[in-house]
Amino acid sequence: MASARGGEVTIRDLSKSFSLGGRQLAVLRSLNLDIRSGECLVIVGASGSGKTTLLRILAGLERADGGAVAIDGREIEGVGEERAVIFQEPRLLPWLTVLGNVAFGLEVRGVPKADAEKRARFYIALVGLAEFGDAYPRQLSGGMAQRVGIARALTVQPEILLLDEPLGALDAMTKISMQEELARIWNEENVTMVVVTHDLEEAIYLADRVLILPKEKGGAARLIEIDLPRPRDRSESRFVRYREELLREFGLH
Amino acid sequence: MTLQHIERPIGISGHDGGNGFGSEALRLAGRTSARILSRYGVLLGFLALWQVAASSGWVNAAVLPPIDAIVAALWKGLAGGGLLGDIAISLQRAGLAFAAAVIVAIPLGLIMGQVRAVETALDPILQLFRQTSALALYPVFILLLGLGEASKVFVIFWATLFPLLLNTISGVKEVDPKLLEMARVYGARRLTIFRRVVLPGAVPSIFVGLRLGATTALLLLIASEMIGANKGIGFQVMNAQYNFQIPLMFAAIVILAALGLIANQALVGLQRRLCRWSSTVG
């Protein structure tokens, strides 16, 4: 079923650099990667390793200097309807209610308001906010607002969900419950998920595979397969061993 | 805010119990009057001091007439109809100019905020115009447009234009770029982004411009009516002073203050309706 939906990403020789104070700073150096349809790939790396840049290129918000990204065999040009992005901030429109915000993506794509709101209600319920459809963003807590952002992305039913440190701004308790929620949503929605995070435990909790981006020149990106049953148990010995392995990769253990 | 004010005393009275209903009502009444006093006490004190000072001869009552004389003059002017024509012509001048400023400034500001090239091209000349006092330009407008209605309406329009224009531009430019990017991710085209993100995001700032503009319009209205007019509230202030009808002069000033308060309240009310999502309407 997963493969039937598409959402396969092929990344070839992708490179990107920024000029910083007159110097060229390469953040991605001919990266090659295949993201499988329906998998959850988590990207980690030290700050400056280009993980957010990679995600923004996949989203079509930035252009690579060289190389190509293809989705289901078609090279991408900018943003596309098969992708949706969840940012670190909820990015809700303050003048729209929760319902209006969640339906926004569909309405922008030309779906009639009534249909858009009908589907929006389904996803608002899915993220546990059924009673808050008429609330305005300023009335929501950080965790609730982020759920609204997640519901908005799900409502357009993307093949690929791109998440840029989606839980980075939340407190520790909310974060853990939202990780469980993301794992559940990924499981139910049958979507390819690419998550950028700097939280290694979050990476192991969510990922089928973890991509570690190198910081230094000449370093190679590494992929680690997380072979653990779901739902995952953070206290399990193998979970802890994966964490140690990732910490070693960062030279912290 | 009003809701909270109503709720608070009732909420507190609930759990100290034991008191009779009478004392409870009395305390409620006491709290209400305390609240009125804390808000309007200084104003009432000022008016009382004025009244006492004028009627007991501490100050020259010919220059500062007692409040009751001013109220009487105001009543006579309104009920007798003497000031109604002045109010009508003043409202017409300020209203026409304000409406024209809205029609020009808001669309222009929206375009200038969106299209960099237009803003770059217009900014220097607008800065020059803005820094030149409208009152200094009034004689120029009189030369060009004559001493009639046109020059008056134009000078008010001119001065009202800038606060409206500048606030509209900054409202458009200060819309969170992260929201624009979000809309772009969902495939929104430029016009959709403008209609669904930029425009609603700029509304609070546009209202700041509208309120500043209304204040400016009234200010310039009076100034223009003091020069070469034979009707209008501003004319009445000046004329009553020349003829030493001091209560009438103050009555005209009171009308002006009332117009300003009404205009501001109307805009605040409108903003509350349009911006229910924002908690910062004040």
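I began with the order of elements in chain B, which from the N terminus on runs α-α-α-α-α-α-α-α-α-α-α. The count for chain B comes to 11 helices and zero strands. I keep in mind throughout that this is a predicted model.

Next I looked up how far chain B spreads. Its radius of gyration is 25 Å, well over the 19 Å that the globule rule gives for 282 residues, so chain B is more spread out than a compact globule. Along its principal axes the C-alpha trace of chain B spans about 65 × 65 × 30 Å. I also noted that 31% of the 282 residues of chain B count as buried, and that, among contacts in chain B with a separation of 6 or more, 69% come from residues 24 or more positions apart.

I then turned to the annotations. The unreviewed UniProt entry marks "transmembrane region" on chain B at residues 40-63, 69-89, 96-115, 135-166, 197-222 and 242-263. I checked two of these spans against the model: residues 40-63 of chain B are 67% helix and 0% strand, with end C-alpha atoms 26 Å apart, while residues 69-89 of chain B are 81% helix and 0% strand, with end C-alpha atoms 25 Å apart. The unreviewed UniProt entry also gives "domain: ABC transmembrane type-1" for residues 87-267 of chain B; over that stretch I find 88% helix and 0% strand, and the end C-alpha atoms lie 20 Å apart.

Which helix of chain B gives the most to the side that touches chain A? The contact takes 16 residues from chain B and 17 residues from chain A. On the chain B side, α8 (177-185) and α9 (190-226) each supply at least two residues, and α8(B) gives the most, with seven residues. I sorted the chain B residues of this contact by type and got nine nonpolar, four polar and three charged.

Last, I followed a sheet in chain A. Six strands form an open sheet with mixed pairing, in the order β6-β7-β8-β3-β9-β10 of chain A. Its edge strands are β6 (83-86) and β10 (222-225) of chain A, each of which pairs on one side only. Neighbouring strands of this sheet are turned by 20° against each other on average, direction ignored.

Methods:
Residues are numbered from 1 along each chain as its sequence is written. Chains are lettered from A and ligands numbered from 1 in the order in which they are written. This is a predicted model: local features need pLDDT of at least 70, side-chain atom pairs count only at pLDDT 80 or more; totals for chains, interfaces and linings use all residues. UniProt positions are given in the numbering used here, feature names are shortened, and annotations may be inferred rather than shown by experiment. Helices (H or I, at least four residues) and strands (E, at least two) are DSSP runs, numbered from the N terminus. Two residues are in contact if their C-beta atoms, placed from the backbone, lie within 7 Å. Ala, Val, Leu, Ile, Met, Phe, Trp, Tyr, Cys and Pro count as nonpolar, Asp, Glu, Lys and Arg as charged, and the others, Gly among them, as polar. The radius of gyration is taken over C-alpha atoms; the globule rule is 2.2 Å times the number of residues to the power 0.38. A residue is buried if 20 or more other C-beta atoms lie within 10 Å of its own, exposed if 12 or fewer, and partly exposed in between; C-beta atoms are placed from the backbone. Two strands pair if DSSP finds at least two bridges between them. Axes are lines fitted to C-alpha atoms, for helices over the stretch in contact, and angles run from 0 to 180 degrees between N-to-C directions.
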